[in-house]
Structure formats: C-alpha cells, structure tokens
Amino acid sequence: MSNNSSSNLNSNTNSQYIQPDTEEVPINSKPAENAAPSSSGNGAAGGASSFFTSFTTPKVDLSSAFKPFAQNASTGNNKVKERQYTGGDTLDEPVWHTLRRDLAQIGKRVAIVVWPIQLQSLASKQQSRLIDFAQSNGVQIPDSILNSRMRPAGRNNNSNGSNNFDEDDFEINDEDEDEEANVAFEDTTAALIKNNLDWDLWGPLIFSLVYSVSLGLASPNSQTNQVFSGTFSFIWLFSLAIGLNIQLLGGNISFMSAISASGYSLFPIVVGSLLCSLIIKWKLIRLAMMVVLCAWSIYSGVLSLKCSGVLPGRVLLAIYPIGLMYAVLGWLCVIT
Amino acid sequence: MSYSKVNQGHNTSLIDQDDDLISQDNITAQPYIVPDIEPDTKPAAGINGGGSGTGSTQGNPPVIKPQVPINSSNSHVFQINFYRQFFDLDTDTFIHKIQRALNPFNNAFSEGEENHITELYGFIWITGTLIFLMFVSSTGSNIISSWIHGGNSTEGGETKQYEYKFDLLRLSIALFYGYNLFIPAGLYVITSWILKFPHRLVFTEIISIYGYTNILWVPITFINFIIAILVNNQKHGRIANILEWVIVLLSGAITGASNIMKISPIIEKNSLILQEGNPDVNAKRLQLGLLSVLIVCHLAFTIVVKICFFGLQ
C-alpha cells in the first residue's frame, strides 16, 4: 500500500475530532484501516488534500465503507489469512513498477524454496496451533502426536523449580505465554507469513513451461511435441489432484494455495531439468543430482505445507503425492 | 460454505472473499472471543489424549468447524464436503492398512460391519505409486541393460542408445487405473442390480481392496532390475523373456489370490442367502461363476502388463 504515508498525515490532524480506534488494530493489519477515519470524518476537504499531495492515492477509498463492519467484532480475527496477491494500487503507476513488484514477489517465494529452513520455526508453530485447534474442535488426532506433545508439558509440572524452566516456558501452551510468544513471533516472521500465505500461479506456470520445454528439446525429434505436451499437462493435472487431495484430507489450506506451494517447490527440479538437458549427459551423475534435488523439493514442499496448515497427523498423507510427482518429474529428467 | 457466514457474523463475510478458508488466527483467537469456554477445557482435552473427541465438543460453541468429515453425510454429491468422507484417514491407520495388505492371505476386509465407508486414498495413491515404479523399472532396466551389456553392439556404425517412449507412461496410467476402477464397478453393478444380492457389496470397499492389493505388484519392479543386470538381453533374450514371464505370472497369481480371498466370503454369504430364498439358484455355481470371471479378468490384465512393460519379444 503506497498511500500510507500521505494518509497518516491526515489522520494525525484529525485525531482531536474523532477518536480513532487505532489501539485495537493489530500490528500487521491493513494500513488502509488507519486511513479510514480521515476520509470518513473530514469529507471533501480531506479527500482534496490527499488528492493534491500524491497521485498514487486511490480516489475512492472503499475501506472506509467497511470500517464500521470491521470494528464491531474483535479485529484480531482476520489478521493472518491466505489470499491471492492483489498487488495493491496498480492503476496509476508505470507498467514496469507493476511487473517489477510481481517479479520481486515471485523471487521472494523462490528464495523461500531455495532456502526452506527459514520456515522451520514457523512450521512447528503452526502445527502446534493446529493441534490445539483440532483438540478444541473434537477432531481425532493420532495418539503418537498427542504423546509427543504431552511430554514437555508433563515435565514442566514435575520440575517447576528446576533450571530448565526457561526451556519449558517455550513449549507449554498456557494462554498468556502463548500470547506473548505470538506477538514476538509475529514481529519477526510477519513478512515470512505474508510471503508464504499469498499465493499466485506465476511461479508454477513459469516452472512447468521451462521444465516441459527443456525436456521436449532434449528428447529425440520424433517425440518432442509429445513429450512437451505430455509433461506440461501431466504437471498441471497432477497439481489439481494434489490440491484436491489436500482439500479432502482437511486442514485449513485452500486449493489454490496448495497448488501454488507445490508449484513453487518445483524449482530445484526445474533447475535439474535444465542442467540435465543442456550440460550433463551421463546418466549416473544425472541420477545422483536428481535424487538430491528431489529431496530438496520435497523438503521445502513439506515445510510450506506445514506452515499453510495441513492437519497434523495427515501431513505425510498430504505430502506423499507431492513427493510422487517430484519423483516422476525427476526420473523423466534422468532418462531423457 | 454457509457455516462460516452464519457463525462468524457479517464482518468476516465482507472481508473474507473466500469463505472456504478459515483464517489462521482464529485458532489462537478463539478463547478470547468466546466467553462460554471454561479455561480448563483445553488442558483437560490434552490430558485425555485420544478420547478428546467426546469431552471437548460438548461445551464448545461453534466458532469454526474444521474441514474434516465430521458431518459429510448430509452434504450434496456436488459439494466437496461429500467426498471428505472418503479421505478420512490418518497416517498411522494408513500404515497399518498397508502392513495388513502385505499379507495376501488374510481376509480382514470382509470382517467390517455392513455399509461402512472405506477411504479411497489408498486406491488412488498406491496405484499411482505402482504406475511410477513400473515405469521406472521398465525404462531403468532397459537403460541399465544397454549400458552394461549393449556397449559393443553397433547398428549402422554408431551405438544405438535406448530411447524411452513417453507413451508408456500414459498407457500405464490408463491400464492400472482402468483395471482397478472398471472391474470393481462391473462387479458392483452385476451383483447389486442384476443378481440382486441382499447384502450389497460396498463399491468403495471393492475398489479399496483392489487398490491395496496393488502393493503386491511392487516386488517385480525390483526383480526386474536384477534380471536386467544379470541376464544379457541381446545374447540370451529367450532366458530373460522366460524369467520375465515367470515373475509377472507369479505376482499376477499372488495379487489375484489376494483379491479373491477378500471378496469371496461376501459373495459366498450372499449366494447362500439367495439360495435359501430361491431354490432355483445354485449357490456353489453362482459363486464359482463370479469368481472365475474375476480370475479370467485378472489373468488378462496380467498378460497385458507383461506385454506393456516388458515387451512381447
């Protein structure tokens, strides 16, 4: 949101007339909500001043219309949720800016895939949240998971006065402690969450195209068309199957988000396919390389799915088809 | 989904574009919104462990419902919630089922209570895995044999490299999914609508039986590699061919036996009941007829598998 700076000015001048409820607005809520009281209270004058200060401000700010609804219940409800990346206000800016922002978004997500370990803490956090959620909603959870989670809490009860209290503090889920941890957690990883929960299909589209083109070019002439169309449709049909599978298994992850996550995790394999078709001709080296790259893809896929919220106890079932798809694609690279 | 609109009020229905999602933060925000919850319900549910489904659901107001098949029986066929009942499965259950399916001669499938719904996850993904493994085995063994044994065989001045056929992948997908889907469908149609069995076979259960049996095909994919390494396909093509026939027919027999073992008790029970109701029906002949049709189909399938993946030569 680029209009934040200009509209903050207005809200500062206005605050003596109208008391904005900014204390209750959570940290990473939409900045548009800060701008809302200005345009609603000031009417025409405020609108005109913001119009002259910057041309990037939207002329009609619909978020003020939603303000009364958003204020009623606790606003903390809608802080973090997965959504399609909309890119903000793109009407008045050069095309190059729009493209660059989209490319930067894709680049950030690829960076997460390349170095997936940064999602580790986020994933474990989300999983423990989901276990709480499932318990309080009466969903069956395998005993093994519950036992592994029960252990730290039980140890804490036994050894309240001992040294490892700090360590246990981190793991038990008392309400206020959980809340404190949440605030710190959201401060550090808010950007990560945002990058991970936004979904788009640009990355999967680009990756599947690159993959099928490189395989099609590398295959013998009689099969080029067939291999290209076959692999391209295979990737997308398999992605649909994966998305449906995750939806049916449950959890709170959307269809498109699952496809996006599995598509972005394809990146190491795409690199492998380029290397195989252009440089490396020896099949044993290809095999070793593709095994490593497949493991990499699967690892990053597992982590991003865990962050997005597959029900614990079903993560293996949800990830297995993705692993299968990566294995098929990797093997096709090897034998081409 | 209508429940999220009803339960979360008008604020979220305006902000949430997609009602299907549950916003992530509800999970932690829930104890603060909902005043009815006692603060000690959550630890109690945690200590209870596996039996948490009974205690905590009662006093729990419907804030958000998980997308898990709690009540999918009253949803429509065209809603995704309807199909969630076929995917109600945990990892532990799945592994247990696979272990049970590894033994071809137990008929634990037939002991379930009547009309219970069997999940389809196993059918879909075990069959998919099998297709992948067969493809890998077929192409990989060809590559290995041309690499180990075929280095000195020249045709037209240059060494002939093995080129895989992409068609094989499509063909195998059609073959395995088709067989494992259409034979149970045919069996279901014949038994429930033509023969009118009093205790109907459950369609998903037959599919699931066929799907889990596919695990027993997996060993031949590894044996095939060993054959490709040990036997020179160019010099001793006949020996390799015979060995391939043997392993394919053997695993075909094992999988067929496994299917028959699991299906025959239900057919036997039904045909006996039919015989009691109508003296014209010969239970023994009916049962044998059905089973022999299944066996013939499986034999044909086995031969097609051999021809597709290993060639006729």
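In the predicted model, a nonpolar surface patch of about 1000 Å² is formed by residues of chains A and B. Chain A contributes Trp282(A), Leu284(A), Ile285(A), Leu287(A) and Val291(A), while Trp147(B), Ile148(B), Ile226(B), Ile229(B) and Leu230(B) come from chain B. At least two residues of the patch are supplied by each of three helices, namely H14 (283-308) of chain A and H7 (121-148) and H10 (218-230) of chain B. The most is given by H14(A), with 4 residues. Within the patch, Ile226(B) is located in helix H10 of chain B. Ile226(B) has a relative accessible area of 48% and is therefore classed as partly exposed, since exposed residues are those over 50%.

The UniProt record, an unreviewed entry, lists residues 201-218, 230-249, 255-280, 287-305 and 317-335 of chain A under "transmembrane region". Two of these spans were examined in the model. Residues 287-305 of chain A are 100% helix and 0% strand, with end C-alpha atoms 27 Å apart. Residues 317-335 of chain A are likewise 100% helix and 0% strand, and their end C-alpha atoms are separated by 28 Å.

The mean pLDDT of chain A is 68, and 53% of its residues reach 70 or more. Over residues 150-188 of chain A the pLDDT is below 50, and this stretch makes 40 contacts in the model beyond near neighbours in sequence. The pLDDT also stays under 50 over residues 68-79 of chain A, a stretch with 27 contacts beyond four places in sequence. Where pLDDT is low, predicted coordinates should not be read in detail.

Terms used. Residues numbered from 1 in each chain as written. Chains lettered and ligands numbered in written order. Predicted model: local features only at pLDDT ≥ 70, side-chain atom pairs only at ≥ 80, totals over all residues. Heavy atoms only, no water. UniProt positions renumbered as here; feature names shortened; annotations may be inferred. pLDDT = per-residue confidence, 0-100. Contact = heavy atoms within 4.5 Å. Patch = residues over 30% accessible without salt bridge, like charges linked within 9 Å, V, L, I, M, F, W, Y side chains within 5 Å. Areas by Shrake-Rupley, 256 points an atom, 1.4 Å probe, with all protein chains shown as cover. Salt bridge = Lys/Arg side-chain N within 4 Å of Asp/Glu carboxyl O. Buried < 20%, exposed > 50% of the residue type's maximum accessible area, 1.4 Å probe, protein only.
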